[in-house]
Amino acid sequence: MMNVEIVGTNLSTSAALIEHTHRTVQSALARFGRRIKRVIVRLSDRNGHRGGPDKRCRVDLVMHKLGSVHVEAVGFDAYAVVDEATGKIRNVANRRLERVQQRRVQPAIA
């Protein structure tokens, strides 16, 4: 099971939001298994009680031998930005893994 750290800043992180975030990150990154070194999810509300599209989710992913990946999503709803950010991180991590696998498969030119 991967270790997911969830940090909230200026945002009331309810137990339901934390559980949703943890479950969504686990699901999005499950195929990478032991390649994942660390996942940090930062949830914040830039405008506080004033409202607006100010909920932010930043996901920092550190993978063994594949480096670091950082993505961000901003919107009105905390749950929606978590879903958007985890979708982005899954896509970026997939592309990075595919690039590494393609380099290994290409034959050497003599």
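In soluble globular proteins, nonpolar side chains tend to be buried together.

**Basis.** I keep in mind that this is a predicted model, in which local features need pLDDT of at least 70 and side-chain atom pairs count only at pLDDT 80 or more, while totals for chains, interfaces and linings use all residues. Residues are numbered from 1 along each chain as its sequence is written, and side-chain values use heavy atoms, with hydrogens and water left out.

**Leu-61.** Not counting residues up to four places away in sequence, I listed the contacts (heavy atoms within 4.5 Å) of Leu-61, which touches Leu-29, Ile-36, Arg-38, Val-39, Gly-67, Ser-68, Val-69, Ile-89 and Ala-93.

**Elements and sheet.** I noted two helices and four strands, which run β-α-β-β-β-α from the N terminus on; these are DSSP runs, helices being H or I of at least four residues and strands E of at least two, numbered from the N terminus. The four strands form an open sheet in the order E1-E2-E3-E4 with mixed pairing, where two strands pair if DSSP finds at least two bridges between them. Strand E1 (4–9) and strand E4 (67–75) stand at the edges with a single partner strand each, so one side of each is left without a neighbour in the sheet. E1 and strand E2 (residues 36–45) run parallel and are joined by six bridges, and the partner of Thr-9 in E2 is Ser-44.

**Asp-45.** I then turned to Asp-45, which is found in strand E2 and counts as buried at 7% relative accessibility. Its side chain is joined to that of Lys-55 by a polar contact of 3.5 Å, that is, a pair of N or O atoms within 3.5 Å, of which, within protein, one must be able to donate a hydrogen and the other to accept it, residues adjacent in sequence counting only if both atoms are side-chain atoms. Leaving aside neighbours within four places in sequence, I found Asp-45 in contact with Thr-9, Asn-10, Leu-11, Asp-54 and Lys-55.

Notes
Buried means under 20% relative accessible area, exposed over 50%, partly exposed in between (1.4 Å probe, protein chains only).
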